[in-house]
Amino acid sequence: MEAGAYQGGQRTQTKSGPVILADEIKNPAMEKLELVRKWSLNTYKCTRQIISEKLGRGSRTVDLELEAQIDILRDNKKKYENILRLAQTLSTQLFQMVHTQRQLGDAFADLSLKSLELHEEFGYNADTQKLLAKNGETLLGAINFFIASVNTLVNKTIEDTLMTVKQYESARIEYDAYRTDLEELNLGPRDANTLPKIEQSQHLFQAHKEKYDKMRSDVSIKLKFLEENKVKVLHNQLVLFHNAIAAYFAGNQKQLEQTLKQFHIKLKTPGVDAPSWLEEQ
């Protein structure tokens with residue numbers, strides 16, 4: 001292009017033809033502005049879709065089988081969280097009881113040394129409390145292991161799946177929003193002005209449909225693997241929890257220790273009828 005002569009504050013061309021402005025360097029501010037514009041438009045469409053659905057005016061895509069599985073997962077998560085809270089309360093109470101038993105055992109042992117006439121009686125009670133404290137600590141290890149495993153399942157494994165579910169739900173809203181736009185354009189006139197808009201809307205609709213289909217597939221796969229992992233984890237943990245508590249309350253110290261070895265940990269649970277061990281031995 002040639003520079004034109006400066007006349008009256010305006011630039012004129014010496015030759016006829018289009019004026020070409022070189023844009024060798026992209027403007028970051030303009031790129032950010034364009035991204036904000038696209039984000040705002042997408043947000044507007046999705047917000048309009050959500051409001052339309054809530055008012056009962058808009059249609060939404062529904063996968064009945066998948067959404068039923070998601071509802072069950074969310075409901076189970078709440079129930080598992082309740083079990084987790086109760087188990088944590090149990091662990092705290094058992095810890096306090098074991099601590100008290102240990103102190104009581106020390107007090108009995110001290111009195112056994114200082115009271116000759118009641119030496120044996122204090123000694124028996126000291127041994128009983130120390131034995132209860134020892135088995136209580138073992139049971140406490142089992143409960144804490146149970147808590148840690150369930151906590152990982154609920155707050156990591158299930159939560160990770162629910163994050164994918166949220167992404168799927170967002171993709172579904174976007175898909176329905178752009179589907180609605182395309183349907184509205186197809187119902188209108190077709191001329192030189194509307195055809196480019198329809199083509200662009202068709203392109204955007206197809207892109208969001210592919211995203212929605214992918215997220216739906218991802219959620220289905222994650223739900224399947226989660227169910228398999230959940231059954232395996234809870235099976236082992238429930239067996240551990242049951243065996244440890246049963247052995248503790250039955251006064252079966254040997255069985256309690258074998259349960260720990262079986263799961264390569266320490267077991268835990270609250271004991272109320274503690275004297276049963278001494279009585280059996």
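Predicted model: local features only at pLDDT ≥ 70, side-chain atom pairs only at ≥ 80, totals over all residues.

Reader: What feature does UniProt place at residues 63-90?

Author: The unreviewed UniProt entry places a "coiled-coil region" there. UniProt positions follow the numbering used here, feature names are shortened, and annotations may be inferred rather than shown by experiment.

Reader: How many helices and strands does the chain have, and in which pattern do they follow one another along the sequence?

Author: The chain has six helices and three strands. Both are DSSP runs numbered from the N terminus, helices being H or I of at least four residues and strands E of at least two. Along the sequence the pattern reads β-β-α-α-α-α-α-β-α.

Reader: Why are helix 4 and helix 5 called roughly antiparallel?

Author: Two packed helices are described by the angle between their axes and the distance between the axes. Axes are lines fitted to C-alpha atoms, for helices over the stretch in contact, and angles run from 0 to 180 degrees between N-to-C directions. The axes of helix 4 (residues 194-250) and helix 5 (residues 253-263) come within 8 Å and cross at roughly 160°. Angles under 35 degrees count as roughly parallel, over 145 as roughly antiparallel, 65 to 115 as roughly perpendicular and the rest as oblique. Helix 4 and helix 5 are therefore roughly antiparallel. Their contact (heavy atoms within 4.5 Å) involves residues of helix 4 including Asn236, Leu240 and Tyr248, and residues of helix 5 including Gln255 and Phe263. It comprises seven nonpolar, four polar and no charged residues. In this classification Ala, Val, Leu, Ile, Met, Phe, Trp, Tyr, Cys and Pro count as nonpolar, Asp, Glu, Lys and Arg as charged, and the others, Gly among them, as polar.

Reader: What makes helix 2 roughly parallel to helix 4?

Author: Helix 2 (residues 64-114) packs against helix 4 at an angle of about 30°, with the axes 12 Å apart. That angle makes the two helices roughly parallel. Helix 2 passes helix 4 in a left-handed crossing, a term used if the near helix is turned anticlockwise from the far one by less than a right angle, whereas clockwise is right-handed. Among the residues in contact are Leu66, Ile70 and Tyr80 of helix 2 and Arg216, Lys230 and Phe241 of helix 4. The contact divides into 13 nonpolar, three polar and two charged residues.

Reader: How do you know that helix 3 and helix 5 are roughly parallel or antiparallel?

Author: Helix 3 and helix 5 pack at an angle of about 25°, with their axes 10 Å apart. The two are therefore roughly parallel, and their crossing is left-handed. Leu131, Lys134, Asn135 and Thr138 of helix 3 meet Gln253, Leu256, Glu257 and Leu260 of helix 5. By class, this contact has three nonpolar, three polar and two charged residues.

Reader: Why is Gly105 called buried?

Author: Buried means under 20% relative accessible area, exposed over 50%, and partly exposed in between (1.4 Å probe, protein chains only). Gly105, in helix 2, has a relative accessible area of 0% and is therefore buried. Not counting residues up to four places away in sequence, Gly105 touches Ala126, Gln129 and Lys130.

Reader: Is Gly141 buried or exposed, and which is His203?

Author: Gly141 lies in helix 3 (residues 119-187) and is buried because its relative accessible area is 7%. The C-alpha atoms of Gly141 and Ala244 are 9.8 Å apart, although 103 residues separate them along the chain. His203, in helix 4, has a relative accessible area of 57% and is therefore exposed. Over the chain of 281 residues, buried residues make up 35%.

Technical notes: Residues numbered from 1 in each chain as written. Heavy atoms only, no water.
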